[in-house]
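Here is a short briefing to read alongside the model. Take a look at the structure first, then follow the notes below.

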Amino acid sequence: MYGSTVRSLLVRGMLAGLIAGLLAFAVAYVAGEPPVNGSIAVEEAQAAQEAQEAGGHAGHGAAAPAGGEEEEAVSRPVQSTFGLATGVLVYGVALGGIAALAFSFVLGRVGRFTPRATAALTAAAAFTTVYLVPFLKYPATPPAVGNPDTIGKRTTLFFLMILLSVLLGIAAVIAGRRLAPRLGNWNATLVAAAGFVVVTGIAFAVLPDNDDAIKPGFPAALLWEFRLASLAVQAVLWAAFGLVFGALAQRLLAARPAAAVTPADRTAPSLG
Amino acid sequence: MAEAVVSAAVSTPSVAVPASLPVRAVLPWAFFVGLLALIALYFVGAEQGATSLFAGENVHEWVHDGRHLLGFPCH
């Protein structure tokens, strides 16, 4: 019986992730594509300039530094629509599934929260640890900015930062729960949150920087616009996921006989 | 994540703690779905960037814009 509840939560999590992904795609298309296109224009202008300079010197053919002018396997109109949608939707469904299972773990174990509130907190925690904290150390970079030679190092550091941030978040919740009987819920939460911030700050200081990620001369306003758009995409994704999944989980679990939720909850139709 | 510990703000006398689900029931789903989801995220976030399972650039190019805007290092 519990297994089927977990399965039902998982299905709803992936569905909520899909809906959240569609909203995030809309934001990415409207707010994110202009700075992406702007960055590609900067990249092409730089490549053209480099090619011209190289052409002026004897010996260097125009073919040698043609890195910026590579033949595109996928056209820009496809990249900015179907390609973008694929990436955002797969991300939404995959993380929606993981978040639904994280929700299944924490439900009833982190305090007196309804399923809806638990879902909102799970989404907020996922946004913070999976995106926001890694973003503060290794912010998203638009096309043309990264140095291809350091992609391995940057990818490793980015995934390491996500892993570290998620583990620190879990540790903070466990520590908060342990401290709650002694300090009370409010103070235990403050202490756990402060611990998370301090240890995250130490990790920021110790982990290497990505100085080489940004080429000199790249327009600062364009970089800012791109990063704000990236933040908006993720904020919308997780807010939508938390609200949609919370509503679905609340209805599902209110219908479950074992779960005593609020009397105010309407008797929900049985959802399998 | 730590704010998940707050309870006073939300609880009202009518709210009971929802019954938790046994870890035994969640674990198999978590393991299998976690694995599948990580593979999917790898293809969105890193394939044909830092490492390549498939030759060429098509996967990278297809998810290119999403990879940048979702915050992954791309190139």
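**Core and helix packing**

Setting aside neighbours within four places in sequence, A:F241 is in contact (C-beta atoms, placed from the backbone, within 7 Å) with A:A16, A:G17, A:A20, A:G96, A:A99 and A:A123. This is a predicted model, in which local features need pLDDT of at least 70, side-chain atom pairs count only at pLDDT 80 or more, and totals for chains, interfaces and linings use all residues. Residues are numbered from 1 along each chain as its sequence is written, with chains lettered from A and ligands numbered from 1 in the order in which they are written.

**Nonpolar core**
- A:F241 also belongs, with A:A99 and A:F103, to the residues with the most contacts inside the largest nonpolar core, which has 82 residues.
- Such a core is a set of buried Ala, Val, Leu, Ile, Met, Phe, Trp, Tyr and Cys residues joined through C-beta atoms within 7 Å, where buried means 20 or more other C-beta atoms within 10 Å of the residue's own, placed from the backbone.

**Helices α3 and α6**
- Helix α3 (residues 115–137) and helix α6 (residues 220–254) of chain A pack at about 160°, their axes 7 Å apart; axes are lines fitted to C-alpha atoms over the stretch in contact, and angles run from 0 to 180 degrees between N-to-C directions.
- That makes α3(A) roughly antiparallel to α6(A), a term for angles over 145 degrees.
- Residues making the contact include A:A123 and A:F127 of α3(A), and A:W238 and A:F241 of α6(A).

How values were computed: A residue is buried if 20 or more other C-beta atoms lie within 10 Å of its own, exposed if 12 or fewer, and partly exposed in between; C-beta atoms are placed from the backbone. Two residues are in contact if their C-beta atoms, placed from the backbone, lie within 7 Å. Helices (H or I, at least four residues) and strands (E, at least two) are DSSP runs, numbered from the N terminus. Angles under 35 degrees count as roughly parallel, over 145 as roughly antiparallel, 65 to 115 as roughly perpendicular and the rest as oblique.
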